[in-house]
Amino acid sequence: MAIALDNLRVGRVYHLTNYGENRQLEVLERIGRDNFQVKDLDTLEIYELEELLRWGIGKDYDLDEVR
């Protein structure tokens, strides 16, 4: 069961699966009600979570806390 976006916490690391893409994300800052600035721990890119979910949530969507 995926974690709801309003349960994300700054400083925590999460594993996101959506449309076959797997990402390890660290939440850096909350910038809106359901939007966060996140850091991709594989590529070290910083972007908004909204960019990852812009095209919708796939059947394989899962968001879990790693640490």
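## Tyr14 in strand 1

Tyr14 is found in strand 1, where helices (H or I, at least four residues) and strands (E, at least two) are DSSP runs numbered from the N terminus. Tyr14 is buried, with a relative accessible area of 2%; buried means under 20% relative accessible area, exposed over 50%, and partly exposed in between, with a 1.4 Å probe and protein chains only. The model is a predicted one, in which local features need pLDDT of at least 70 and side-chain atom pairs count only at pLDDT 80 or more, while totals for chains, interfaces and linings use all residues. Residues are numbered from 1 along each chain as its sequence is written, and side-chain values use heavy atoms, with hydrogens and water left out.

Leaving aside residues up to four places away in sequence, Tyr14 touches Ile3, Asn7, Leu8 and Arg9, then Arg23, Gln24, Leu25 and Val27, and also Leu63, Asp64, Glu65 and Val66; contact means heavy atoms within 4.5 Å.

## The cavity

A search of the whole structure finds one cavity of 30 Å³ or more. On a 1 Å grid over the protein atoms alone, a cavity is a set of points where a 1.4 Å probe fits but cannot get out, and lining residues have an atom within 4 Å of a point. The largest cavity has a volume of about 30 Å³, a volume being the space filled by probe spheres set on the points, with grid points joined across faces, edges and corners.

Tyr14 belongs to the lining of the largest cavity, together with Leu8, Leu25, Val27, Val38, Leu49 and Leu63. By class, this lining divides into seven nonpolar residues, no polar and no charged. Ala, Val, Leu, Ile, Met, Phe, Trp, Tyr, Cys and Pro count as nonpolar, Asp, Glu, Lys and Arg as charged, and the others, Gly among them, as polar.

## Overall fold and dimensions

Along its principal axes, the C-alpha trace spans about 25 × 25 × 20 Å.

Of the 67 residues in the chain, 28% are buried. Among contacts between residues at least 6 apart in sequence, 48% join residues at least 24 apart. The chain exposes about 4,500 Å², of which carbon and sulfur atoms supply 46%; accessible areas come from the Shrake-Rupley method with a 1.4 Å probe, and for residues only the protein chains shown count as cover.

## Loop residues

Tyr19 lies in the loop between strand 1 (13-18) and strand 2 (21-30). Although Tyr19 is not a glycine, it has a positive phi of about 50°. Its relative accessibility is 51%, and Tyr19 therefore counts as exposed.

The loop between strand 3 (36-40) and strand 4 (46-48) holds Thr43, and Leu44 lies in the loop between strand 3 and strand 4. Thr43 counts as partly exposed at 45% relative accessibility, whereas Leu44 counts as exposed at 55%. Leu44 has a positive phi of about 65° although it is not a glycine. Thr43 and Arg12 are 31 residues apart in sequence and 17 Å apart in space, C-alpha to C-alpha.

Asn22 has its place in strand 2. With residues up to four places away in sequence not counted, Asn22 touches His15, Leu16 and Thr17. From C-alpha to C-alpha, Asn22 and Val38 are 14 Å apart in space and 16 residues apart in sequence.

Asp6 is placed in the segment before strand 1 and is partly exposed, with a relative accessible area of 45%. Asp6 touches Arg30 and Asp34, again not counting residues up to four places away in sequence. The C-alpha atoms of Asp6 and Ile31 are separated by 12 Å, and the two residues are 25 residues apart along the chain.

Technical notes
1 Å grid on protein atoms, 1.4 Å probe; cavity = no way out; pocket = protein on both sides within 12 Å on 5 of 7 lines; lining within 4 Å.
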